[in-house]
Amino acid sequence: GECAVIAGLDEACAMRRRLLDVGFMPGTQISCIGKSPFGDPRAYYLRGYTIAVRQRDAKEVIIKTV
């Protein structure tokens, strides 16, 4: 439920291009709004929409807390 700002993506991230394509751009505000019953994936709200991302891919997103 906390808000953060995306600072960047790890250069070695296998999903880097896909995450950029769906809006995980530096400077974008993001918040975690939910998780599945087993904790993976989690739902994130950014740029006016919600997207589910696996935890291993979300760990590659570098954020700054607000």
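This report walks through the sheet, the turns and the core of a predicted model.

Start with the overall layout. Five strands form an open sheet in the order 4-3-2-1-5, and their pairing is antiparallel. Strand 4 and strand 5 (61-65) are the edge strands, since each of them pairs on one side only. On average, neighbouring strands of this sheet are turned by 45 degrees against each other, direction ignored.

Now look at strand 2 (29-35). Strand 2 runs antiparallel to strand 3 (residues 42-46), and five bridges join the two. C32 stands opposite Y44 in strand 3. I30 stands opposite L46 in strand 3.

Strand 3 also pairs with strand 4 (residues 49-53). That pairing is antiparallel too, over five bridges. Here L46 has Y49 in strand 4 as its bridge partner.

**The turns**

The table sets them out.

| Hairpin | Residues between the strands | Residue with positive phi | Phi |
|---|---|---|---|
| Strand 2 and strand 3 | six residues | G39 | about 90 degrees |
| Strand 3 and strand 4 | two residues | R47 | near 50 degrees |

The loop between strand 2 and strand 3 also holds P41. A cis peptide bond joins D40 and P41, with omega at about 5 degrees.

R47 sits in the loop between strand 3 and strand 4. Its phi is positive, although R47 is not a glycine. Is R47 buried or exposed? R47 counts as exposed because its relative accessible area is 52%, and the cut-off for exposed is over 50%.

**The core**

Turn next to the nonpolar residues. The largest nonpolar core has 15 residues. L19, F24, I30, I51 and V53 have the most contacts inside this core. Strand 1 (3-9), helix 1, strand 3 and strand 4 are the elements that give two or more residues to the core. Strand 1 supplies the largest share, three residues.

Take F24 as an example. F24 lies in the loop between helix 1 (16-21) and strand 2. Its relative accessible area is 3%, so F24 is buried; the cut-off for buried is under 20%. Which residues does F24 contact, leaving aside its neighbours within four places in sequence? They are I6, L9, L19, I30, L46, I51, V53 and V61. The C-alpha atoms of F24 and A43 are separated by 13 Å, and the two residues are 19 apart along the chain.

L19 is another of the residues with the most contacts inside the core. Not counting residues up to four places away in sequence, L19 touches L9, C13, F24, V53, D57 and V61.

**A buried serine**

Finally, go back to strand 2, where S31 has its place. S31 is buried, because its relative accessible area is 12% and buried means under 20%. What does S31 touch, not counting residues up to four places away in sequence? S31 touches E2, C3, A43, Y44 and Y45.

How values were computed
Residues numbered from 1 in each chain as written. Predicted model: local features only at pLDDT ≥ 70, side-chain atom pairs only at ≥ 80, totals over all residues. Heavy atoms only, no water. Helix = DSSP H or I, 4+ residues; strand = E, 2+ residues; numbered from the N terminus. Buried < 20%, exposed > 50% of the residue type's maximum accessible area, 1.4 Å probe, protein only. Contact = heavy atoms within 4.5 Å. Pairing = 2+ DSSP bridges. Axes fitted to C-alpha atoms, helices over the stretch in contact; angles between N-to-C directions. Core = buried A, V, L, I, M, F, W, Y, C linked by side-chain atoms within 4.5 Å.
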